[in-house]
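Have the sequence and the 3D view open side by side, and we'll go from the overall picture to the ligand.

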Amino acid sequence: MNETDSVEKEKLFDDKGLRLDGRQVDELRPLKLEVGSLSRADGSAYIEHGRNKILAAVYGPRELHPRHRAIADRALLRVTYRMGTFSVGERKRPAPSRREHEISMVIRQALEPMLFLEMYPRAAIDVFIQVLEADGGSRCASTTVASVALANAGIPMRGIVTGCAVGKAGGKLLVDLSDLEDKVGEADVPIAMAYGRSKYTLLQMDGKLSKEELAKVLEMAEGACEVIYEKQQKVLREGFLQIREEISESEEPDVDDIEADTESSDSD
Ligand code: ADP
């Protein structure tokens, strides 16, 4: 072990070997998910994953503009990932950066295999992702929340996509890297999994890992994704139950109307 290694370890772990935010190596940051956060969108969701705070809004399937981009036999999925100027420590320039374009593309590629785009020829499905606060792993949390927003929009899907970053920092393999672990660590591996299919729809790697280490972190990622997936399922189910309740309430006949009907039939 060289001197740099020991300095990094000192920075990233406490005396008990816990991470600076008190987590074990395979522990996720606190997770909060909600659906239907925006009333104008066809579907929406909000996630707090650690200190990441991200909103996703889905519009469509709808008429595609500009028309020349229409695809004859399927819908066009457009994903826009943007970070607020206030979302990171130093003000981010408002113009979309190369990083934001790249992340928009990888999230689109992570979601696309789960959608039945062929059901909506020439249409557009737009997914807007706005990062209000970023703290490492924002592309994974964005994939998780965008997938929930698509389901909330009622768009048929083969399954839900769940994202989580894993990697290595301070010589240890870690699940759900924080911003600091991502920056000073040896490797960052953002992944997204298509549930029910056990397939990766996103797998990137920044840094270096041995073949054995990669196999091990991917195994750790599966466990983490399972926890996130259960949360996605739970909020979606609760959202649908609430809609069902609202519909059945609105369909229930008014008691006054029933009484008025009975009275009029008695007098007949
Ligand atoms: P991800 O958010 O998916 O991990 P990156 O690895 O590119 O993507 O970024 C890691 C973290 O670096 C981000 O989550 C964010 O906290 C921070 N970051 C990204 N872009 C900027 C920026 N322009 N200025 C300051 N911090 C940034």
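## The big picture

Let's start with how the chain folds back on itself. Among the contacts in the protein with a separation of 6 or more, 65% are between residues 24 or more positions apart. Keep in mind that this is a predicted model.

As for the parts list, the protein has six helices and ten strands. There are 268 residues, and buried ones make up 44% of them. The protein exposes about 14800 Å², with carbon and sulfur atoms supplying 49% of that area.

## A five-stranded sheet

Now to one of the sheets you can pick out. Five strands line up in the order S1-S2-S3-S5-S4, forming an open sheet with mixed pairing. At the edges sit strand S1 (31-35) and strand S4 (76-83), each of which pairs on one side only. On average, neighbouring strands of this sheet are turned by 15° against each other, ignoring direction.

Helix H2 (residues 98-111) lies across S4 and S5, and runs at about 140° to S4.

Helix H5 takes in residues 211-251 and lies across S1 and strand S2 (43-49). The angle between H5 and S1 is about 30°.

## Around the ligand

Which residues come nearest to the ligand? There are 14 residues around it, and the nearest are Arg99, Gly136, Gly137, Ser138 and Arg139.

Several side chains put polar atoms by the ligand's oxygens. For Ser138, a polar side-chain atom is 2.6 Å from an oxygen atom of the ligand. Asp179 has a polar side-chain atom 3.3 Å from a ligand oxygen atom. With Asp182, an N or O atom in the side chain is 3.2 Å from an oxygen atom of the ligand. How much of the ligand does the protein bury? Taken alone, the ligand exposes 530 Å², and 76% of that is buried by the protein.

Notes:
Residues are numbered from 1 along each chain as its sequence is written. This is a predicted model: local features need pLDDT of at least 70, side-chain atom pairs count only at pLDDT 80 or more; totals for chains, interfaces and linings use all residues. Side-chain values use heavy atoms; hydrogens and water are left out. Two strands pair if DSSP finds at least two bridges between them. Helices (H or I, at least four residues) and strands (E, at least two) are DSSP runs, numbered from the N terminus. Axes are lines fitted to C-alpha atoms, for helices over the stretch in contact, and angles run from 0 to 180 degrees between N-to-C directions. Contact means heavy atoms within 4.5 Å. Buried means under 20% relative accessible area, exposed over 50%, partly exposed in between (1.4 Å probe, protein chains only). Accessible areas come from the Shrake-Rupley method with a 1.4 Å probe; for residues, only the protein chains shown count as cover. A residue is near a molecule or strand if one of its heavy atoms lies within 4 Å of it. A polar contact is a pair of N or O atoms within 3.5 Å; within protein, one must be able to donate a hydrogen and the other to accept it, and residues adjacent in sequence count only if both atoms are side-chain atoms.
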